[in-house]
Each structure stands twice: as structure tokens, then as C-alpha cells.
Amino acid sequence: MQLTQKQLVSFNENGFLLIPECFSLAEVRRLSAELPALLCEESQRRIVEKEGEVVRSIYGSHTRSDIFRRLSCHPRIVEPVCQILNSDVYVYQFKINIKSAFSGDLWDWHQDFIFWQKEDGVPSDRMINAAIFIDEVNEFNGPMFLIPGSHREGTLEIPARKVSSVDGNSVYKNSLSWVSNLTADIKYSVGREVVSQLVARFGIVASKGASGSVLFFHSKLVHASPNNISPFDRVITFVTYNSTSYIPVTSGRRRPDFLCSRDYRPLVTVSDSSLLL
Ligand code: SIN
Ligand code: MN
């Protein structure tokens with residue numbers, strides 16, 4: 001699927017582009033059907049909310065489930081991403097954020113790229129996220145908040161990290177160091193003053209859409225999402241693509257492969273109907 005010139009201009013200007021109902025209900029149902037098996041798999045790929053029970057995210061499911069692998073190589077996603085980046089790409093990270101009814105916790109304001117640069121050594125922000133809405137995302141179930149144009153502000157200053165109220169008494173207390181960035185207590189959150197200034201200049205958008213919609217967004221777009229106190233689940237699959245020309249420059253440290261993939265082979269797309277096969 002190729003983006004039009006107008007869509008490309010809009011992406012470059014705003015830092016995001018929503019394609020409503022990019023996947024059909026039949027296709028989304030196939031993806032949803034795979035979730036229960038993935039959710040009950042006990043592994044480091046599965047992150048729970050801070051109360052310790054409800055699943056927050058599952059990482060790397062494209063290496064565990066064939067239909068999610070096909071989703072990550074789907075031409076309706078990969079072709080626009082290659083077009084925007086003007087490059088071959090590989091899957092850098094794949095996650096499913098569950099944000100369950102009544103209990104899904106927030107994602108604080110942040111830019112993604114700083115995590116990938118500082119934690120994994122990615123040398124360029126030529127990275128795109130594709131958020132595939134498995135559930136409908138509405139005003140109630142914790143939609144992503146986006147600040148249009150904020151990706152053009154460069155890397156924003158990060159305030160000194162507050163001592164966390166979460167770390168002291170939560171299920172994350174004895175976790176490995178990389179876990180906190182996958183929780184509601186992330187390391188590089190953008191400060192309130194900066195967010196206020198950006199919103200005053202650029203406004204704010206809640207990214208809503210029917211299930212099957214796809215939101216493409218830039219790795220430096222400032223975004224967040226509130227917790228979900230509604231009775232509606234909000235499952236979104238996020239696939240992060242990196243240009244094959246800018247693979248991470250690794251240092252001694254290494255996050256697990258399901259957070260920073262080392263499979264740099266350029267993606268080959270599957271057939272357009274492959275989710276229904
Ligand atoms: C993210 O920023 O990585 C996730 C946001 C969300 O699931 O709302
Ligand atoms: Mn993010």
C-alpha cells in the first residue's frame with residue numbers, strides 16, 4: 001500500500017498519520033484469537049501492571065506467533081514505512097499493549113527515540129512505529145495523546161528523575177534494570193513544563209479509531225496515554241521499524257532481543273491476504 005503525496009506531507013508535518021480501518025474486522029479477529037495463548041505464556045516478555053496481576057504488555061510476539069509475524073511483514077504497514085524512510089527496514093521491537101478495562105495503567109509523556117538511542121545505541125531517529133488497533137480506541141479506554149509537529153523539536157530535555165513511589169513497594173522492586181521503562185514509571189519522561197509549552201504551540205490530539213485502524217508515528221513524536229478506567233479493553237499492537245542503514249552501535253550493555261532485535265535482515269513483505277490464510 002503506497003501513501004499519497006498528501007499523506008506523506010501530512011506525516012512529515014504532524015509526525016503521525018492515521019489510516020482508519022486499514023485492516024478488516026475478519027483480519028483483526030484472526031489476530032485477537034491468538035491473544036489468549038500469548039497472554040498466558042509465562043516469560044520475561046510478559047510485563048504485568050504494578051498491582052501484579054493484569055498483563056500490561058507482551059513483547060516479541062512476532063517471533064512466537066505466525067500470524068503476528070505476518071502482521072509485522074504486511075504490505076499495508078511495511079510499504080508505507082519504507083516509503084516514509086526511503087529505506088529497507090527490519091523489525092526493531094514488537095509489543096502488544098493490553099491496557100485492560102478498569103486497570104490499564106498510563107504511559108507518561110515521552111519521545112521513543114531517546115530510549116532506543118540511550119539504551120540500545122541506535123544512531124538515527126529514522127524509525128517509525130505502526131500502532132495497529134486491535135480493539136476500537138475511543139475517548140474512554142486510554143487513547144494515545146499526540147502533540148502534532150513535536151517530532152521536529154529534536155530530543156527534548158529530560159528532568160532529573162524523581163525518586164519513584166512505585167519502585168519501593170511494587171512488583172517491579174526486584175526486577176531487572178530494563179523493566180522499569182516498560183512500566184508506568186519510565187526513565188526519560190518529558191517534563192510537565194515542556195509538555196505545557198508544546199501543547200500551547202501545537203495543540204493535542206487523541207488518536208481514536210475503529211479496530212483495524214493503523215497509526216503511523218515518528219520516533220520523536222511526543223506522546224502519552226492515560227489509564228483505562230472504562231469498561232472497554234484497549235489492545236494495540238506496536239511494531240517499531242528501523243532503517244537497515246542505521247543498525248545499533250552496540251556497547252557492552254545489551255537489552256534482551258525482544259526489546260532490541262538483532263535480526264537486521266531487510267523485511268520481505270507477505271501477500272496482502274496473508275492474515276486470512
Ligand atoms: C508507548 O508509548 O509505547 C505505548 C503507549 C500506549 O500503549 O498507549
Ligand atoms: Mn512510546
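Predicted model: local features only at pLDDT ≥ 70, side-chain atom pairs only at ≥ 80, totals over all residues.
Biologist: Shall we start at F16: in which strand does this residue lie?
Modeller: Residues are numbered from 1 along each chain as its sequence is written, while chains are lettered from A and ligands numbered from 1 in the order in which they are written. Helices (H or I, at least four residues) and strands (E, at least two) are DSSP runs numbered from the N terminus. The run 16-19 that holds F16 is strand 1.

Biologist: Is F16 buried or exposed, and at what relative accessibility?
Modeller: Buried means under 20% relative accessible area, exposed over 50% and partly exposed in between, with a 1.4 Å probe and protein chains only. Leaving out residues up to four places away in sequence, F16 touches (heavy atoms within 4.5 Å) several residues, including F11, L146, V205 and F217. F16 counts as buried because its relative accessibility is 13%.

Biologist: How far apart in space are F16 and V28?
Modeller: In sequence, F16 and V28 are 12 residues apart. From C-alpha to C-alpha, the separation in space is 22 Å.

Biologist: Which residues coordinate the manganese ion?
Modeller: Donors are N, O and S atoms within 2.8 Å of the metal (3.2 Å for Na, K and Ca), and water is not among the atoms, so sites may look incomplete. Along the chain, the donors of the manganese ion follow the spacing H-x1-D-x110-H. H110 and D112 are both buried. At 2.1 to 2.2 Å, the ion (ligand 2) is coordinated by NE2 of H110, OD of D112 and NE2 of H223.

Biologist: Which strands each supply at least two residues of the shell around ligand 1?
Modeller: The residues surrounding ligand 1, with a heavy atom within 4 Å of it, are K95, N97, W107, H110, M144, H223, S225, R234 and F238. Those supplying at least two each are strand 4 (89-97), strand 5 (107-110) and strand 10 (223-225).

Biologist: How far from an oxygen atom of ligand 1 is the N or O atom in the side chain of S225?
Modeller: A polar side-chain atom of H110 lies 3.1 Å from a ligand 1 oxygen, and for H223 the distance is 3.0 Å. For S225, the distance is 2.6 Å.

Biologist: What share of the 260 Å² that ligand 1 exposes when taken alone does the protein bury?
Modeller: Accessible areas come from the Shrake-Rupley method with a 1.4 Å probe, and for residues only the protein chains shown count as cover. Of the 260 Å² exposed by ligand 1 alone, the protein buries 98%.

Biologist: Why is helix 6 largely enclosed by the rest of the structure?
Modeller: Its buried residues pack against strand 4, strand 5, strand 6 (127-133) and strand 11. They are F113, I114, F115, W116, E119 and D120. Helix 6 (residues 113-120) is largely enclosed because buried residues make up six of its eight.

Biologist: What is the phi of K99, and is the residue buried or exposed?
Modeller: Most residues other than glycine have a negative phi. K99 sits in the loop between strand 4 and strand 5. Although not a glycine, K99 has a positive phi of about 40°, and its relative accessibility of 2% is why it counts as buried.

Note on methods. Heavy atoms only, no water. Polar contact = N/O pair within 3.5 Å; in protein donor to acceptor, adjacent residues only side chain to side chain.
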